[in-house]
Amino acid sequence: AAIDDALGAPNAVTELPTVPVIIDALRDRLLDNRDMGVLYIDVEQYSHIEETYGWEVFDSLLQHTARTLRRMIGTVFATEDFIAVNRTGGSDFYVFATLEGGEEAMTRLQRKARQVEESLRGSLDEAFGNRIHKRIGVFVGHALLRPSPQMRVERLVYRALRQAIAVATTKEEERQSTLRETFKEILRKRRVRTVYQAIFHLETMEVFGHEALTRGP
């Protein structure tokens, strides 16, 4: 996912700021030596959804994702945490969450990532299950964002974003690999069957053909 370095206004669809806009606020947190976590939220096949169902459904999906994430402020996320998009018009979401210091910071961040993934997947399935005829995959990557006096804040932030993206990409690749292996196993064990459905002439109700369907388990 590309990250736009140009300053941008809040996303017209999601009404969320872009990452460059909130860099100054992040700089203040990091200068205070406060550990932060970055969550990258990737909703699978955004482009496929827009190409198949149209931009209206695509925009509606983006808006619903943004609303769901905002509702997590005060529960999963602290009230001082930030939600942003990668660029104006973009479809990748980021959450910058303040974390307490200590060795358990990564554990807490991983727990937040699981909560976001489960909540967002359930919310999208409920809202779009009757419009998008395929389960929407949700993958959440995470990375720690720790202050370093030797590095520019911008480079710290973008390095953490790349790490979070890599984690989400790995999850998606693992899922695709599992699906491929499952399909191969179905073929190896011949767990497919062919069924035939009669086709009727509606005026006479006579059978004039059959449709053959191959089904898996």
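Surface patches are here made of residues with over 30% relative accessible area and no salt bridge, like charges being joined within 9 Å and nonpolar side chains (Val, Leu, Ile, Met, Phe, Trp, Tyr) within 5 Å; a salt bridge is a side-chain nitrogen of Lys or Arg within 4 Å of a carboxyl oxygen of Asp or Glu. The model is predicted, and local features need pLDDT of at least 70, side-chain atom pairs count only at pLDDT 80 or more, and totals for chains, interfaces and linings use all residues. Residues are numbered from 1 along each chain as its sequence is written, and side-chain values use heavy atoms, with hydrogens and water left out.

The chain has five helices and six strands, taken as DSSP runs (helices H or I, at least four residues; strands E, at least two) and numbered from the N terminus. Their order along the sequence is α-β-α-α-β-β-α-β-α-β-β. Of the 217 residues in the chain, 40% are buried, that is, under 20% relative accessible area, where exposed is over 50% and partly exposed lies in between (1.4 Å probe, protein chains only).

Helix α4 (residues 105-128) contains 24 residues, which at 1.5 Å a residue should span 34 Å, in agreement with the 34 Å between its end C-alpha atoms; the expected span is 1.5 Å times one less than the number of residues. Its buried residues, including L109, V116, L120 and L124, pack against β1 (36-43), α3 (55-71), β3 (93-98), β4 (138-145) and α5 (153-188). In α3, the buried residues include V57, F58, L61, L62 and L69.

A nonpolar core is a set of buried Ala, Val, Leu, Ile, Met, Phe, Trp, Tyr and Cys residues joined through side-chain atoms within 4.5 Å. The largest has 31 residues, and those with the most contacts inside it are L39, I41, F93, V116 and L124. Two or more residues of this core come from each of β1, α3, β2 (82-85), β3, α4 and β4, and α4 supplies the largest share, seven residues. Apart from this core lies another, of 24 residues, among them M36, Y94, A143 and I165. Beyond its neighbours within four places in sequence, L39 is in contact (heavy atoms within 4.5 Å) with residues including F77, F93, L109, V116 and V140.

At the surface, F200, L202, M205 and V207 form a nonpolar patch with about 430 Å² of accessible area together, as given by the Shrake-Rupley method with a 1.4 Å probe, only the protein chains shown counting as cover for residues. M205 is placed in the loop between β5 (193-201) and β6 (206-215).
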